[in-house]
Amino acid sequence: MSNLLLVEDEARMREVIKMLLSDLDLNIYEACDGEQAIDLFDNETVSLVITDLKLPKISGIEVLKHIKDAKPEVPVIVITAFGSIDSAVEAIHQGAFDYVTKPFTEDKLRSCIKKAMQISRLTSEVKYLRREIEGKFTFDNIIGNSNEICEILRLAGEVSLTDTTVLITGESGTGKELLSRATHLNSSRSKRPFLPVNCAAIPATLLEAELFGYEKGAFTGAHQLKKGKFELASGGTLFLDEIGDMDMEMQAKFLRVLESKTIERLGGSKTIATDVRLIAATNKDLEQMVREGTFREDLYYRISVFPIRIPSLRERRDDIPLLCQYFINEFSVTFGRRAPAMSDKVMEMLYNHPWKGNVRELRNVLERAMILAKGDNITARHVILNESYAKPLGELNLDQIVELLLRDHRVGLEELEKKYIQYAMEIAGNNVSKAARLLGLSRATLRYRLDKM
Ligand SMILES: Nc1ncnc2c1ncn2[C@@H]1O[C@H](COP(=O)(O)OP(=O)(O)OP(=O)(O)O)[C@@H](O)[C@H]1O
């Protein structure tokens, strides 16, 4: 339920508005003058305000200014007298979300409030998600106490305070994206977007449109103007992942943009200045590619101003115990249970494994170990180091999942059926029809079994 502050000096008008909004899941605070409105706003958690502009003591415009100073994200709808368009314009200038003119119709007021409620909900969702993301990607969440990681964190900490282009190299799963997000969040650009573009995942022909955008009609199917990632990341950071996979033609275009600091949308003639910080990453050996003639030397020098190499997990095995503890704690929170202990024997197994998939593989192995270990201990039989299982759970097929379950010798047939269905539901994102297809059952049969469970 959202809290709405209704500021109106006429008691009868307040009653009418309250009645019109009675079915909208709102908790309404009432104020009959500007002073009371400000007092209520400062002391209650209000997510939406509707205020008359003509008020005793403090005017509606002053109330609006106070709210916009204190919490600019709270939408304010103003009520203006018929014919006083000037005051409505001023209110909009001062940051009002919208205005309704007295006498207003029920529809106008309700649609205005509904829109504002939606905006307020989205704003708080964005705020929440931003906090979540910022919490996950700070330097504090880059785990490791090896000399290598300490040095990387020192370098990244220093370069984050500048606008210098950074090139992060390292095998897949070593934490290149994690490090670039943390570098962005520690920079003066942190309140602006961090936009990743994976050069390997996008076909060469689309990459140009993705990065520079296009004008309406630039090609068949370009029904409307689309800004590219360079424009959308303005003021923030552009993360070019797998830059070693960019083809030679695109490399030339990209170099031109880096040199001129301007872009042109496809099919456009306007030159647009760019303001992005660039972080590039690759698991390829770019120097080798330069020698082989598959990566432009001039581009390589442009992007490798500040190189950071993240060593593979094999080269810094001392980080493994700390990383294990970190991921076990993370999954305990996700699964809502106590963190299990790990025997020395298991730790030794993990310490000596080659970790071709690096930290990502370790995280996946621990996730599965946590699912298989129901008690307080992770033992050797919960830890599966076979490479074909080193994928996230959702990418395993059902046969592999059953094999995993059977490793836990305590699982009986009934329990197995239950687990089998649970995993199918997990893979299908809790979509019953999809899970039924995976299991080769009809939707009704699966529904019946789920109800039984
Ligand atoms: N030092 C670390 N501390 C905590 N988590 C880490 C660390 N390094 C990597 N991870 C985790 O491992 C996973 C893989 O990391 P990330 O995606 O950053 O790797 P990457 O090098 O960019 O991989 P790729 O080259 O395949 O894109 C993520 O879940 C990330 O959070």
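## An exposed lysine to start with

With 10 C-beta neighbours inside 10 Å, Lys 261 counts as exposed. You'll find Lys 261 in the loop between α10 and β11. The model you're looking at is a predicted one, and in it Lys 261 has a positive phi of about 55°, even though it isn't a glycine.

Asp 25 isn't a glycine, yet its phi is positive, about 55°. Look for Asp 25 in the loop between α1 (11–20) and β2. Is Asp 25 buried or exposed? Asp 25 counts as exposed because it has 8 C-beta neighbours inside 10 Å, and the cut-off for exposed is 12 or fewer.

## The whole chain

Now zoom out. The chain has 19 helices and 16 strands. Of its 453 residues, 29% count as buried. How do the contacts run along the sequence? Take the contacts between residues at least 6 apart in sequence: 67% of them join residues at least 24 apart.

In soluble globular proteins, nonpolar side chains tend to be buried together. Here, the largest nonpolar core has 35 residues, and the ones touching the most other members are Ile 168, Phe 230, Leu 238, Leu 240, Ile 243, Ile 279 and Ala 280. Elements that each supply at least two residues of this core are α6 (147–160), β6 (166–169), α7, α8, β10 (237–241), β13 (277–282) and α12 (297–303). Which element gives the largest share of this core? That's β13, with four residues. Another core, of 30 residues, lies apart from this one, and its members include Ala 31, Val 46, Val 63 and Ala 96.

Setting aside neighbours within four places in sequence, Leu 238 is in contact with Leu 195, Val 197, Lys 229, Phe 230, Ala 233, Val 276 and Leu 278.

Helix α8 (residues 204–212) has a buried side: Leu 207, Leu 211 and Phe 212 are buried. Why are these residues on the same side of α8? They cover an arc of only 100° around the axis, so they end up on the same side of α8. The face of α8 turned away from the buried side carries the exposed residues Thr 205 and Leu 206. The cover over the buried residues of α8 includes β7 (194–198), β8 (213–214), α9 (229–232), α10 (248–260) and β11 (262–263). After α8 comes Gly 213, with a positive phi near 80°.

Over in helix α2 (residues 34–43), the buried residues are Gly 34, Gln 36, Ala 37, Ile 38 and Phe 41. What do the buried residues of α2 pack against? Their partners are β1 (2–7), β2 (26–31), β3 (48–52) and α3 (60–70).

## Around the ligand

The ligand is surrounded by 17 residues, the closest being Ser 172, Gly 175, Lys 176, Glu 177 and Val 359. By type, the shell splits into four nonpolar, eight polar and five charged residues. Helices α7 (176–185) and α15 (358–372) each supply at least two residues of the shell. The shell also draws at least three residues from each of domain 2 (137–311) and domain 3 (314–391).

Gly 173 sits in the loop between β6 and α7. With 22 C-beta neighbours inside 10 Å, Gly 173 counts as buried, because the cut-off is 20 or more. Leaving out neighbours within four places in sequence, Gly 173 is in contact with Gly 357, Asn 358, Val 359, Arg 360 and Glu 361. The C-alpha atoms of Gly 173 and Asn 283 are separated by 9.4 Å, though the two are 110 residues apart along the chain.

Tyr 326 lies in helix α13 (residues 320–335). Tyr 326 has 18 C-beta neighbours inside 10 Å, so it counts as partly exposed. Along the chain, Tyr 326 and Asn 141 are 185 residues apart, while their C-alpha atoms are separated by 9.1 Å.

Last stop: the peptide bond joining Lys 102 and Pro 103 is cis, with an omega of about -5°. Pro 103 has its place in the loop between β5 (98–102) and α5 (106–136).

Definitions and conventions:
Residues are numbered from 1 along each chain as its sequence is written. This is a predicted model: local features need pLDDT of at least 70, side-chain atom pairs count only at pLDDT 80 or more; totals for chains, interfaces and linings use all residues. A residue is near a molecule or strand if its C-beta atom, placed from the backbone, lies within 6 Å of it. Ala, Val, Leu, Ile, Met, Phe, Trp, Tyr, Cys and Pro count as nonpolar, Asp, Glu, Lys and Arg as charged, and the others, Gly among them, as polar. Domain bounds come from an automatic or database domain assignment. The arc is that of the directions from the helix axis to the C-beta atoms. Two residues are in contact if their C-beta atoms, placed from the backbone, lie within 7 Å. A nonpolar core is a set of buried Ala, Val, Leu, Ile, Met, Phe, Trp, Tyr and Cys residues joined through C-beta atoms within 7 Å.
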